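Subject: Structure handover

Hello,

Here is the structure we talked about handing over. Please open it first and then read the notes below.

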Amino acid sequence: SNRGKERKSRKSIFGNNPGRLSPGEAATLAKASGKGPFDVMRQTWEDPCSPYNSPASLSAIIRTPKCYHISSLNENAAKRLCRRYSQKLIQHTTCQLLRTYPAATRIDSSNPHPLIFWLHGVQLVALNYQTDDLPLQLNAAMFEANGGCGYVLKPPVLWDKNCSMYQQFCPLERDFDNKEPAIYSLTIVSGQNVCPSNSTGSPCIEIDVLGMPLDSCHFRTKPIHRNTLNPMWNEQFLFRVHFEDLVFLRFAVVENNCSAVTAQRIIPLKALKRGYRHVQLHNLHNEALEISSLFINSRRMEESPSGNAQPASRLFSPGERKAAATYKVTIHGIPGPEPFTVFSVSLGTTAAQLLHQLLATTKGTESCAADYFLMEEKNFISKEKSECRKPPFQRVIGPEEGLVQLLNSWFPEEGYVGRIIFKTREENLNERNVFQEAKEDAAVSSEDDSFFVQVHDVSPEQPRTVIKAPRFSTAQDVIQQTLCKAKYSYSILSNPNPSDYVLLEEVTKEPGNKKSSTSKPSQRILSDQECVFQAQSKWKGAGKFILKLKEQVQAARDDKRKGISFASELKKLTKASRQYRGFTSPPLQVSPDSPQSKDEKSACGLTFSDIME
């Protein structure tokens with residue numbers, strides 16, 4: 001039939017069929033008798049029998065390079081194209097408009113998820129506005145950042161030829177080789193009136209990261225029982241993001257007993273600024289709740305790329321756009337009334353360029369630029385007042401080091417706060433002399449002040465690591481350096497706090513008897529403030545340090561206590577059975593001067609009688 005021939009002729013909308021136009025080909029108009037080209041074009045739009053108006057000419061319309069042609073596809077057909085022809089669909093939407101609409105099978109007026117279509121460059125995603133569901137809330141968040149003007153520019157990787165991943169991006173991939181993702185830290189601190197209609201509920205917060213399948217994840221906080229006015233969670237979550245241009249964060253207040261959503265808010269990840277802030281909540285109809293909010297803290301970090309890996313943020317955006325972006329850098333120690341000064345820098349600004357900019361705008365620094373330098377300082381945070389204050393870590397920033405990369409490499413979750421200090425060479429020399437005199441006054445030996453320590457069971461990807469630490473380092477110092485050097489796996493990302501770990505010392509003593517070739521190792525847990533170097537110097541045999549979670553140690557102790565209680569119950573049952581059968585244990589010969597009490601004698605008698613039986 002004719003209908004079957006039409007189906008065969010348009011198997012793929014991206015193929016080239018004879019007699020039809022394809023993208024990039026010039027549209028030639030055949031002149032009719034007595035009519036010019038303009039009349040022919042007018043006839044194609046006005047004549048109802050024109051092939052552009054016939055329903056069977058969808059493939060012809062979608063192949064035409066005319067910018068005013070819009071193709072409409074069912075959501076099922078659009079999803080099929082996204083799965084089978086992902087990159088070809090992205091290439092088609094760079095120069096053609098495409099529209100999707102909900103399938104006719106959605107009799108309940110529900111909506112499809114629009115994010116998969118946005119990731120493939122589809123410009124128009126029609127939704128059923130009578131249903132307030134998650135896709136409609138996501139659509140409102142998409143156009144909320146620009147004031148609801150109805151137009152949002154697509155990510156550069158979908159249309160900009162200067163982007164390094166142009167025509168190579170596939171949103172449905174599950175593995176991105178040699179691309180280092182950005183690490184985001186999100187802390188849910190507290191909430192304010194999170195359930196306006198229920199003040200005695202038990203709320204918890206669900207966080208959904210909505211983006212590519214590789215970037216999507218889900219988190220949930222613990223419930224706060226019977227408190228919706230001012231619940232305190234103070235829980236931190238870490239997640240990785242490769243494609244940051246189309247990622248949304250969804251906060252949902254959920255009742256713990258029935259899992260009913262009472263309030264929600266969706267925010268684009270690019271619009272979430274760094275630091276502490278309040279996020280106003282909306283109801284299920286996406287209307288703002290004036291007195292309901294969440295207090296959060298967010299931060300973006302980047303790991304230093306290893307090997308041939310490159311940051312994913314540079315690959316998914318053109319270099320000109322990244323170079324034009326501005327960042328704020330705080331410099332401490334500049335002469336003047338203020339303790340610090342804020343400067344605006346770009347992505348490629350180095351320490352030498354910022355130093356010249358600083359000297360040009362600061363009074364009282366007319367000397368040569370070689371007399372000044374920038375220093376990185378990391379101050380460690382002590383969570384308890386009883387902890388001794390650790391000396392800060394300082395190093396000179398190289399002249400070619402990028403400042404933005406330096407800021408993104410700081411991880412406050414590891415227990416320190418970093419800053420950049422402006423110093424002079426003379427001041428640094430005086431500080432070194434003072435420090436050297438203090439060392440001489442303390443009668444420090446001529447030996448090296450640092451030692452090497454090996455820590456085992458760091459992560460599944462890194463069974464052991466060797467670090468160089470000062471001799472006065474405590475167990476918490478060694479744990480913190482170990483986590484900084486460890487490869488980030490799921491176990492470390494879920495427990496990034498050094499105070500959640502302990503160091504387990506395992507020492508195997510040398511056998512005193514030559515006949516006994518093996519000896520049982522002894523284990524003990526180092527206290528947080530115990531000196532690791534002193535503990536290691538006391539070893540008289542082979543020893544090692546093992547990194548353990550406090551939860552694992554506590555669970556092992558509980559299991560041991562259960563075993564002891566089981567043994568005591570077994571002894572009581574054995575005693576009762578003997579008394580029932582009339583069994584008498586032989587008397588023990590104990591000297592009258594023995595300090596044992598009557599209870600101890602009976603206990604010893606039971607022990608020996610158990611052995612005899």
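The notes below go from the whole chain to single parts.

**Ground rules.** This is a predicted model: local features need pLDDT of at least 70, side-chain atom pairs count only at pLDDT 80 or more, and totals for chains, interfaces and linings use all residues. Residues are numbered from 1 along each chain as its sequence is written, and side-chain values use heavy atoms, with hydrogens and water left out.

**Overview.** The protein has 17 helices and 23 strands. Helices (H or I, at least four residues) and strands (E, at least two) are DSSP runs, numbered from the N terminus. Of its 613 residues, 39% count as buried. Buried means under 20% relative accessible area, exposed means over 50%, and partly exposed lies in between (1.4 Å probe, protein chains only). Take the contacts with a separation of 6 or more: residues 24 or more positions apart account for 62% of them. A contact means heavy atoms within 4.5 Å.

**Helix H7.** H7 spans residues 134-142. It is mostly covered, with 7 of its 9 residues buried. Those buried are Pro 135, Leu 136, Gln 137, Leu 138, Asn 139, Ala 141 and Met 142. Their cover includes H6, strand E6 (203-210), E9 and strand E10 (261-268). Ala 140 also sits in H7. Ala 140 is partly exposed, at a relative accessible area of 29%. Ala 140 and Ile 267 are 127 residues apart in sequence, yet 9.7 Å apart in space, C-alpha to C-alpha.

**Aromatic rings.** The whole structure holds 9 aromatic pairs. Rings of Phe, Tyr and Trp (its six-membered ring) pair if their centres lie within 6.5 Å; planes under 30 degrees apart count as stacked, over 60 as edge-to-face and the rest as tilted. Trp 118 and Phe 248 make a tilted pair, 6.3 Å centre to centre with 45° between the planes. Trp 118 lies in helix H6 (residues 115-119) and Phe 248 in strand E9 (residues 248-255), so the pair ties together parts that are 130 residues apart in sequence. Both Trp 118 and Phe 248 are buried. Elsewhere, Tyr 184, Phe 219, Phe 237 and Phe 239 form one aromatic cluster.

**Thr 93.** Thr 93 lies in the loop between helix H5 (86-92) and strand E2 (97-101). Thr 93 is buried, with a relative accessible area of 1%. Leaving out residues up to four places away in sequence, Thr 93 touches Leu 98, His 120, Gly 121, Val 122, Gln 123 and Lys 154.

**Helix H10.** In H10 (residues 351-361), Ala 351, Leu 354, Leu 355, Leu 358 and Leu 359 are buried. These residues cover an arc of only 135° around the axis, which puts them on the same side of H10. The arc is that of the directions from the helix axis to the C-beta atoms. The face turned away from that buried side carries the exposed residues His 356, Ala 360 and Thr 361. Cover for the buried residues of H10 includes strand E14 (326-332), strand E15 (340-346), strand E16 (372-380), helix H11 (403-408) and strand E18 (416-424).

Best wishes
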